[in-house]
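Subject: Structure handover

Hello,

Here is the structure I promised to hand over. Please have a look, then read the notes below.

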Amino acid sequence: MTQDELKALVGQAALQYVTPGDIVGVGTGSTVNKFIDALAGMKDQIPGAVSSSEASTARLKALGIPVFEANTVGELSVYIDGADEIDGQGHMVKGGGAALTREKIVAAQSRRFVCIADDSKLVKVLGRFPLPVEVIPMATARVVRQFAQMGGTAQVRMKDGAPLVTDNGQHILDVTGLQITDPLAFESQVNQWPGVVTVGVFAHQKAGVCLLGTPDGVKTLTF
C-alpha cells in the first residue's frame with residue numbers, strides 16, 4: 001500500500017473513537033485531512049469540531065462541519081491528530097505543519113489523544129525528525145544558542161525566502177542532532193526558556209492510543 005493509502009486507512013479507523021453527540025478535537029496535516037474527509041460521512045451525528053489550525057478549519061467548513069472556538073466549549077472527549085514521530089510510550093514529536101501550539105492547546109482540552117500515523121513514524125527514540133519549536137522572533141538567536149549547548153542545530157523555518165509565520169504570528173525553529181531520551185523532562189525544560197511559545201515534544205499531552213497504518217492493516221497501540 002502507498003503511504004497515502006495508509007493515511008486514508010487510519011483516518012477511516014479513527015471514526016470509531018468519535019462519540020456521536022460530542023464535539024471532536026481535530027488536528028492538522030495530511031493524515032488528519034484523510035480523517036476530516038471520513039468525518040464528513042458522520043457530520044450529522046456530531047455538533048461539530050474544535051480545530052487546531054486555519055487549514056483544518058477551512059477543510060472542515062468546506063465539508064459542512066461546524067467549527068467551534070476552543071474557548072466556547074468545555075472538555076472534549078477526544079482529540080485526533082497525526083505525528084511526525086511517536087515512540088513506544090506514546091510520546092510524540094509534532095509541528096511539521098507548523099500548528100504545534102494550537103495542537104497542544106486542543107490536546108490539553110481533550111480527555112483522550114488518538115494519534116493516527118503510518119508505521120514510518122514509529123521510532124525507538126525521538127529526535128530523528130527535526131524538532132519544531134515555535135518562538136517569539138526576538139528570542140530566536142538566544143534559543144538557537146541554547147539548543148547548541150545541548151548539541152542541537154536550530155534553523156529558522158523558511159517559506160518563499162522569508163521566515164515562515166505561524167497562525168499565531170510567530171516563527172518556527174527546526175532542531176536537528178538531538179536524541180530525546182526523556183521526553184517529559186525535555187519538554188518541561190525547553191518550555192521554561194523565555195521566548196519559547198511551544199516545543200514540539202508532546203509528552204505531557206501524549207497519545208493514549210495510536211492507530212498505525214501498516215501493510216497488514218491498522219495496528220492499534222495503547223499507552
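Start at Trp193. Its relative accessible area is 9%, so Trp193 is buried (under 20%; exposed is over 50%, partly exposed in between; 1.4 Å probe, protein chains only). The model is predicted, so local features need pLDDT of at least 70 and side-chain atom pairs count only at pLDDT 80 or more, while totals for chains, interfaces and linings use all residues. Residues are numbered from 1 along each chain as its sequence is written, and side-chain values use heavy atoms, without hydrogens and water.

**Aromatic pairs**

The search of the whole structure gave two aromatic pairs (Phe, Tyr or six-membered Trp rings with centres within 6.5 Å; planes under 30 degrees apart are stacked, over 60 edge-to-face, the rest tilted). Tyr79 and Phe113 have ring centres 5.1 Å apart and planes at 85°, so this pair is edge-to-face. Tyr79 is in strand E4 (residues 79-81) and Phe113 in strand E7 (residues 113-118), so the pair ties together parts 34 residues apart in sequence (strands are DSSP E runs of at least two residues, helices H or I runs of at least four, numbered from the N terminus). Tyr79 is buried at 0% relative accessibility. Phe113 is buried too, at 5%.

Phe147 and Trp193 form an edge-to-face pair, because their ring centres are 4.8 Å apart and their planes are at 65°. This pair links distant parts of the chain, 46 residues apart: Phe147 is in helix H5 (residues 140-149), and Trp193 is in the loop between helix H6 (183-191) and strand E13 (196-199). Phe147 is buried at 0%.

**Charges over a ring**

Phe202 has the charged end of Lys104 over its ring, 4.8 Å from the centre (Lys NZ or Arg CZ within 6 Å of the ring centre and within 35 degrees of the ring normal). The charged end of Lys94 also sits over the Phe202 ring, at 5.4 Å from the centre.

**Two loop residues**

Asp87 lies in the loop between strands E5 (85-86) and E6 (92-93). A polar atom of its side chain is 2.9 Å from the backbone nitrogen of Gln89. Beyond neighbours within four places in sequence, Asp87 contacts Leu122, Val123, Lys124, Leu126, Pro183 and Phe223 (heavy atoms within 4.5 Å).

Ser53 lies in the loop between strand E2 (49-51) and helix H3 (54-62). Its relative accessible area is 4%, so Ser53 is buried. The Ser53 side chain reaches the backbone nitrogen of Ser56 at 3.0 Å. Not counting residues up to four places away in sequence, Ser53 touches Thr28, Ala99 and Asp167.

Regards

Note on methods
Polar contact = N/O pair within 3.5 Å; in protein donor to acceptor, adjacent residues only side chain to side chain.
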